[in-house]
Amino acid sequence: MKKYVIFKDDDVGKDIHGLKKWIDIVLNNDAKAAIGLIGKYMKNQELIQFLNLLNEDRIEIFCHGYSHGHLPFLLKKFWKNNRLLPVEFDRSSKSHNLSLRKYRLAESKYLKIRAICFGPPGNVWNESVINPLLKNEFKLMFSWRKAKQDLFTIPLSDNLKQSSLNEFIKDYNKKKDSRIYTLQFHHANLSKKQFDLITEVIDFLKNKEKRIFITPSELLEISKKDKDIFYLISPLN
Ligand SMILES: [Zn+2]
């Protein structure tokens, strides 16, 4: 039975230098990845030029929100007794729709490819994000839990927080048998040691574990022919 691996990298737009370095490692080691773009950074020309040169079969862009933020400053005044302000996709259906529409608008202006996958900032979302996602033509979402209905979710497995291959393998072994292994990165926060570790992790997953690197779009295609994969990503109802 084939086993797959998806590399998920968040917060694209915050740190172009780190992003380029991260993608270089992925491509030089013949792997693939999904990268989560924050919509508001699409005004950055250097970033857009770089993203439009990527081969989407190797590096697939997904939507990582528009603002990646909390409530606007003015509203915070009315939210006095709450330290934890709702993040971008833990609000109302209307607000979620607005964020996604803004993302789509900027995307159609600046990018050559339309994303089909979504990954909420901080992986935080509530059920009222599902309809806006469908309305804005998203087909998949990265998540720690399944959607109740209508939307496919790519299960998350781990964050790259380890700094040696041995540590990584120890954590990986808990998920060793899962057919989809999704590893999350934040290129802007990686240490020098962790950047070096990426090459070792790719080699381990590919050559030792015989996992196949895929993008979210490829996973969706695979799910049409593979019942187990379909079951893993399909909604609860
Ligand atoms: Zn993020």
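Trainee: Which residues of β5 point one way and which the other way, and are they buried or exposed?

Mentor: In this predicted model, L140 and F142 point one way from β5, while M141 and S143 point the other way. All of these residues are buried. In a regular strand the side chains alternate between the two faces of the sheet.

Trainee: How do you know that β4 and β5 pair?

Mentor: Pairing requires at least two bridges between the strands, and two bridges join β4 to β5. The two strands therefore count as a pair, and they run parallel.

Trainee: What hand does the crossover from β4 to β5 have, and through which helix does the chain cross?

Mentor: The chain crosses through α5, and the β-α-β crossover is right-handed. That label applies because, with the strands pointing away from the viewer, the path from the first strand over the helix to the second runs clockwise.

Trainee: What joins β5 to β6?

Mentor: Four bridges, in the parallel sense, pair β5 with β6, residues 152-155. The bridge partner of S143 in β6 is P155.

Trainee: What makes β2 a largely enclosed strand?

Mentor: The strand covers residues 33-37, and five of its five residues are buried, so β2 is largely enclosed by the rest of the structure. Both of its faces are covered: A33, I35 and L37 are buried on one side, A34 and G36 on the other.

Trainee: Which strands pair with β2, and over how many bridges?

Mentor: β1, residues 3-12, pairs with β2 in the parallel sense over three bridges. K8 has A34 as its bridge partner in β2. Between these two strands the chain passes through helix α1, residues 16-28, and this β-α-β crossover is right-handed. β3, residues 59-63, is joined to β2 by five bridges, and these strands run parallel as well. In β3, A33 has I59 as its bridge partner. β2, helix α2 (residues 45-53) and β3 also make a right-handed β-α-β unit.

Trainee: Why is K206 called partly exposed?

Mentor: K206 has 16 other C-beta atoms within 10 Å. A residue is buried at 20 or more and exposed at 12 or fewer, so K206 with its 16 falls in between. K206 sits in helix α7, and its C-alpha atom is separated by 8.8 Å from that of V5, 201 residues apart along the chain.

Trainee: And what makes K135 partly exposed?

Mentor: The count for K135 is 13 other C-beta atoms within 10 Å. Exposed means 12 or fewer, so K135 with 13 is partly exposed. The residue lies in helix α5, residues 130-135. The C-alpha atoms of K135 and N97, 38 residues apart along the chain, are separated by 8.1 Å.

Trainee: What stands out about phi in N123?

Mentor: Phi of N123 is about 55°, a positive value although the residue is not a glycine. Most residues other than glycine have a negative phi. N123 is in the loop between β4 and α5, and with 18 C-beta neighbours inside 10 Å it counts as partly exposed.

Trainee: How do you know whether E137 is buried or exposed?

Mentor: E137 has 11 other C-beta atoms within 10 Å. The limit for exposed is 12 or fewer, so E137 is exposed. E137 is in the loop between α5 and β5, and its phi is near 65°, positive in a residue other than glycine.

Trainee: Which residues have the most contacts inside the largest nonpolar core?

Mentor: They are I6, F7, L133 and M141, in a core of 56 residues. Helix α7, residues 192-208, supplies the largest share of this core, five residues. Leaving aside neighbours within four places in sequence, L133 is in contact with L100, F118, F138, M141 and L151.

Trainee: What makes the protein as compact as a globular protein of its length?

Mentor: The protein has nine helices and nine strands. Its radius of gyration is 18 Å, close to the 18 Å that the globule rule gives for 237 residues, so the protein is as compact as a globular protein of that length. Its C-alpha atoms fill a box of roughly 55 × 40 × 40 Å along the principal axes. Buried residues make up 35% of the 237. Of the contacts with a separation of 6 or more, 77% are between residues 24 or more positions apart.

Technical notes. Residues are numbered from 1 along each chain as its sequence is written. This is a predicted model: local features need pLDDT of at least 70, side-chain atom pairs count only at pLDDT 80 or more; totals for chains, interfaces and linings use all residues. A nonpolar core is a set of buried Ala, Val, Leu, Ile, Met, Phe, Trp, Tyr and Cys residues joined through C-beta atoms within 7 Å. Two residues are in contact if their C-beta atoms, placed from the backbone, lie within 7 Å. The radius of gyration is taken over C-alpha atoms; the globule rule is 2.2 Å times the number of residues to the power 0.38.
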